[in-house]
Amino acid sequence: MILEETDRMEMKSRTEGNTQCPFCSVQCKMRIQNQQNPDEANSLWVTEGVMNAASEGRLCVKGKNAFQHSFNRERLVKPLLRKDGILVQATWEEALNHIAQRILDIQHQFSKDAVSVYGGGSLTNESAYLLGKFARVALGTKYIDYNGRFCMSAAASAGIKTFGLDRGLTNPLSDIPLAGCIILAGTNIAECQPTLMPYFTRAKDQGSLIVVIDPRETATAQMADLHLKVKPGTDAVLAGAMLKVILEENLQNDSFIRNRTKGFDQIVRSVQGIDLNEASGITGVDENLIRLAATAFGKAETGMIFTARGVEQHADGHMAVRNFLNLTLVTGKVGRPGCGYGAVTGQGNGQGGREHGQKADQLPGYRLIENETDRAYIAGVWGISPHELPGKGVSAFEMMELVHEDTIKAMLIMGSNPVMSNPNAGFVEEALRKLDFLVVADMFLSETAEIADVVLPVTSYLENEGTLTNLEGRVLLREAALPVSASVRHDWQILCELAVKLGKGTYFPFSTAESIFEELRLATKGGAADYYGITYSRLRKEEGVYWPCPSPDHPGTPRLFQEEFGHEDGLAHFSDIVEQPSSEETCGIYPLILTTGRVLSHYLTGVQTRRSPVLTSRDISNALEIHPATASRYGIEEGMLVEVQSRRGSFVTRSRYRPDLREDTVFSAMHWGGLQNVNLATNPKLDPYCRMPDFKSCAVYVKPLQ
Ligand SMILES: Nc1nc2c(c(=O)[nH]1)N[C@H]1C(S)=C(S)[C@@H](COP(=O)(O)OP(=O)(O)OC[C@H]3O[C@@H](n4cnc5c(=O)[nH]c(N)nc54)[C@H](O)[C@@H]3O)O[C@H]1N2
Ligand SMILES: Nc1nc2c(c(=O)[nH]1)N[C@H]1C(S)=C(S)[C@@H](COP(=O)(O)OP(=O)(O)OC[C@H]3O[C@@H](n4cnc5c(=O)[nH]c(N)nc54)[C@H](O)[C@@H]3O)O[C@H]1N2
Ligand code: SF4
Ligand SMILES: [Mo]
């Protein structure tokens, strides 16, 4: 697994290039340069931010040090094949032949659907698009889903129901300082999209009032004028209570409601049932604070609401977001400068990754696999007959359930580490071990790759050209900063080569990322996420283009819904208010609520950031954040080793006192595996609308281990 000397020399001989950070959805542009220090691989390279409209030249500590994992000695450089129980190096020819043979055997023995595909939001648009096509055309399986199910699905489905269209931010980032009141609900921008913080501090300098809704006093909450320390899992109730206040205080925007929405009367009826005092009891937020936040938002001329995973990763995440969207509609704060909604997208290509067919029910451009017109259109682009297109599959976690039920026998995972990132991870690891055949394409031997039958080494962000769509819906071209070492492949190349081996090569004739993008343009033409007007040459000239962009002379759409919403009637649709949380109940045995999330220096399952010396030295292991009063109740001292046990499983870590945390809540990050993996405890209960698991509220007990 050690990088071969020839590859190391090849990398050292390259000197500089422009690229984009491989991590979060801001997609900061940067320049990487080799300082020609021949001895130490990691000290050779320096990065600096490059000026562009989203990050304005800034980089956070993760982006600055991302190159360290790309040059890490543990980078995979050869395919690995399991022989006699051990992963050994193989040639590409050997590995791809073996995969094709096993896939054909399994499909022959069981069915086409016995082989499944699991994608990710780090893949470029080109690879994500091709993965969807590969599943439907080369494999003919309906079972494909991706890690965005755990990330964006609640906000995406809520946006579609309310606005008729889902795009992370309805407005460009430059609108943020124009907002008179900003609600940040379950989003920790300061640690998760750090280079966006100046947009919010600029807003504050211009007099904006900032409301943060988070059970913890995060670095983001520290800039808030009002911090609502909500009990995890109760945001839907909180947003409903805020709506009640806005209506009671007569702060609604009647003309907007009349001209641009439908369903308001129903809302008026359903808020009548809300009792502020009761809502305060459920959410743990003082009634007065709820009133202050709601009136501030209602009275402001302009305002924006942002939600992220704190609100969305619950079994009622979809409805919780819709309740927040009701607030934007009732006050008429959407579709104009400084007025809009943002689901703060997570992964580098979390936005584009969710548009082009990695999702079980989806075809490119947000087309639907169950819609006859959409099927016919895409079948036409792909040169197959519509009846050859499989139907709708199931969500990511449900695929794991189908493995346990023996329906799915094989899986190809590209750009995800589900052994760590799925809820109830013990059950998921069991599923993946049970598969007849598991293939993982990754840069490293991740926790999931370790148990695979074949591991395929892929290029990193430094070598991989392609487009990514940032949280604003702005499509960006990431050039390859460095040439590819001969021994690794791009994700899309792997798919093309495998398609040939499966006898479907004619549908995958691509030799460059751009040639795939050309087909993607066509496939999205006329769809909701329309990329038809976007070309590589435009992306090189302009600083990215916002979709929808239906023709080459169209300027793109930075601000959505200025005149019409995405529904056929052109209106936005209010939704019913939720009055009760759906999270797991605490009890005498499991008295505390565990919520999970992130820290600044690590990224997702940490496969990349734990291999960066600078980043890993900032946070070497996980911690359980706990209020000192709660800790003393359970005999836990600061820094003690503790076990956190839920109804499903437990993880072990050290305690960290957080006097600013709610006393009924503990928090831990998701970046560490093995015994430290929080997902051994989390709840796989799925949201009925979008199949999002309840990552952010499960009942636990905590006990000291020393
Ligand atoms: N440093 C870093 N940055 C990242 C990532 C990373 O792993 N590390 N990952 C990227 C990805 S893929 C994503 S999806 C985004 C995630 O970005 P965020 O959603 O901002 O990150 P989280 O830490 O998961 O959760 C945000 C906040 O929600 C709070 N929270 C927990 N439960 C609740 C609740 O019930 N209600 C409310 N209102 N708040 C709650 C947590 O205390 C936390 O501060 O970040 C992206 N950026
Ligand atoms: N408890 C808890 N669990 C969570 C969350 C939470 O807040 N709490 N958040 C959820 C969220 S929002 C997300 S997005 C998921 C993410 O969880 P995962 O889907 O597991 O995401 P990563 O950790 O980024 O894993 C990506 C893997 O792909 C590899 N990789 C990176 N880039 C590429 C590429 O271009 N090609 C290929 N082939 N491989 C690549 C990396 O090395 C890594 O091994 O986790 C979810 N799980
Ligand atoms: S992690 Fe996000 S904010 Fe930090 S440099 Fe990368 S893209 Fe920018
Ligand atoms: Mo995410």
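Gly-466 sits across from Arg-478 of strand E20. This is a predicted model, in which local features need pLDDT of at least 70, side-chain atom pairs count only at pLDDT 80 or more, and totals for chains, interfaces and linings use all residues. Residues are numbered from 1 along each chain as its sequence is written, chains are lettered from A and ligands numbered from 1 in the order in which they are written, and side-chain values use heavy atoms, with hydrogens and water left out.

Strand E20 (residues 474-478) is joined to E19 by 4 bridges, and the two run antiparallel. Strands here are DSSP runs of E, at least two residues, and helices are runs of H or I, at least four, numbered from the N terminus; two strands pair if DSSP finds at least two bridges between them. The open, antiparallel sheet has 3 strands, ordered E19-E20-E21. Strand E19 (466-469) and strand E21 (545-546) are its edges, each pairing on one side only.

A barrel is also present: 6 strands close up in the order E23-E27-E24-E26-E25-E30, with mixed pairing. Strand E23 (residues 592-597) and strand E27 (residues 665-669) run parallel and share 5 bridges, with Thr-595 partnered by Phe-667 in E27.

As for ligand 3, its surroundings (residues with a heavy atom within 4 Å) comprise Cys-21, Phe-23, Cys-24, Gln-27, Cys-28, Leu-59, Cys-60, Lys-62, Gly-63, Pro-194 and Thr-195. This shell splits into 7 nonpolar, 3 polar and 1 charged, where Ala, Val, Leu, Ile, Met, Phe, Trp, Tyr, Cys and Pro count as nonpolar, Asp, Glu, Lys and Arg as charged, and the others, Gly among them, as polar.
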